[in-house]
Amino acid sequence: MSTIALPQEQTAIQNAVRYLIRNYSPKGNKVGWLMMASILVEAWDLYSIAFVLIFIREQYNPDPFMLGLAAAGTQGGALIGALIGGWLSDKIGRRVMFLVTMVMFIILALAQAFVPSVGWLIVIRFLLGVPLGSDISTGYTYIMESMAKGDREVMGNRWQFMFAVGEVLTLAVIAVFLVLELNHEMVWRVTLGLGALPALIILIMRHDVPETAVWLVQQGRFREAKEVAQQMYNDSLDMLPNHDVVLPKPRPSAFLADLRTDDIRWRATLYGWIACFCQASEFSTFAFYLPVLFAMVGVSTVLGNNLVTMALFSLAAVSGWVGPLLTPKIGHRGISIAGFSIVFVSLLLAAAALYTDHKYVLPLAAAGMLWGHYWSASNCMTIPTMVAKPEYRGTASGFAYMFVKLPAFLAIFLFPSLFTAIGQANATLFVAIFPLIGLLAAIFILPEVYGYEHD
């Protein structure tokens with residue numbers, strides 16, 4: 001039977017949440033990897049379109065506007081999904097949201113393979129973006145509420161590694177299709193539709209993952225929270241009563257006002273938003289250069305482009321693995337400063353090579369840029385989600401991810417026009433503005449929050 005929470009029960013809630021966040025869960029690492037695994041699906045669905053766009057253009061010959069929407073549509077849908085999904089994760093629960101998003105992944109990924117026109121492809125890819133954006137915010141919330149401090153940050157920072165692995169797998173599959181000389185229409189349809197396969201596998205593996213004990217405690221559902229805590233922590237949360245209570249529901253709009261009450265949480269979150277915007281901008285714009293760069297250094301075939309791109313993202317995967325391992329040693333500030341610095345220097349080097357016609361430098365600059373990017377981007381979602389109060393954590397994660405998807409959508413859709421208008425060298429110099437802003441934010445705004453926990 002539910003009752004209105006008494007003051008002593010409010011204190012018990014705070015103690016239970018503090019206990020769950022501080023302590024190690026024997027099953028928390030498994031949950032963290034299951035959440036990270038969904039990024040493979042996102043990487044496939046977000047970036048496979050970039051590698052098969054040439055075949056879609058070959059078949060339908062759309063105008064540049066429609067082609068740009070086909071490429072950027074998923075990013076636009078993810079922008080909406082991040083906001084809605086984060087809020088719903090706080091409102092109806094983490095488990096419901098990640099199960100729903102995986103089912104939507106499967107249906108919409110398969111639908112891509114059967115579209116009759118570019119117009120329908122744009123619609124499907126926009127809708128596909130909604131669960132993509134939602135799943136990131138839900139996944140990060142799960143990680144921060146299922147793993148102990150320190151462990152959860154290393155796991156959260158691995159998202160860029162998972163993106164790189166997803167991109168390499170996508171490129172490898174396309175390369176096999178090209179070697180087998182499959183029909184180009186078959187290549188792009190099967191490539192896009194294959195995103196449903198890992199989504200199905202993850203749905204099956206996630207099915208038995210319980211709701212987070214932290215969310216259940218915050219909802220006053222103590223009996224369920226005790227069961228989950230026993231399963232995940234081998235502890236039945238004896239500080240909580242054995243009956244459920246009714247708690248007031250926080251307004252999503254109160255999330256921003258609450259941040260301003262704590263200087264550390266506010267500065268860390270503000271940095272997270274800036275870093276999300278800057279890392280997405282530097283990557284989405286630079287990715288446009290890659291085909292041009294490869295053509296300039298003599299790579300001219302579709303298969304050759306795929307193989308060289310796969311080599312670059314394999315290097316990026318190494319960076320994405322090393323960065324999180326270094327975070328406990330040098331902190332969030334250290335990994336952010338190092339990452340944005342490497343990207344900034346690499347882009348300046350690329351611009352100088354273009355200005356002076358030293359094209360052989362460009363592959364080195366590209367490799368350096370990707371290495372630095374996979375550090376600078378590693379913690380921009382971890383930090384805002386980690387420092388948020390549990391009752392706002394889904395909202396905080398979704399709000400931060402909005403700052404990733406907005407510049408990604410704008411860059412993919414609009415940057416080619418700027419690139420054409422001002423030229424390669426000037427465009428490269430322009431892109432260097434973003435890591436510079438991220439670097440300054442890491443130095444002057446971000447407090448060190450590694451191992452942070454609420455009072």
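Which residue forms a salt bridge with Arg265? Before you select anything, note that this is a predicted model, in which local features need pLDDT of at least 70 and side-chain atom pairs count only at pLDDT 80 or more, while totals for chains, interfaces and linings use all residues. Residues are numbered from 1 along each chain as its sequence is written, and side-chain values use heavy atoms, with hydrogens and water left out.

Select Arg265 and Asp258, the partner asked about, whose closest N and O atoms are 3.1 Å apart; a salt bridge here is a side-chain nitrogen of Lys or Arg within 4 Å of a carboxyl oxygen of Asp or Glu. Arg265 is buried at 3% relative accessibility, and Asp258 is buried too, at 12% (buried means under 20% relative accessible area, exposed over 50%, partly exposed in between, with a 1.4 Å probe and protein chains only).

Lys389 is partly exposed, at 28%.

Next, go to helix α8 (residues 184–193), where Arg189 and Glu185 lie 4 residues apart and are therefore separated by about one helical turn. Their side chains meet in a salt bridge of 2.8 Å, N to O.

Finally, select Asp90, Arg94, Glu145 and Arg393 together, which are linked in a network of salt bridges.

Conventions
Helices (H or I, at least four residues) and strands (E, at least two) are DSSP runs, numbered from the N terminus.
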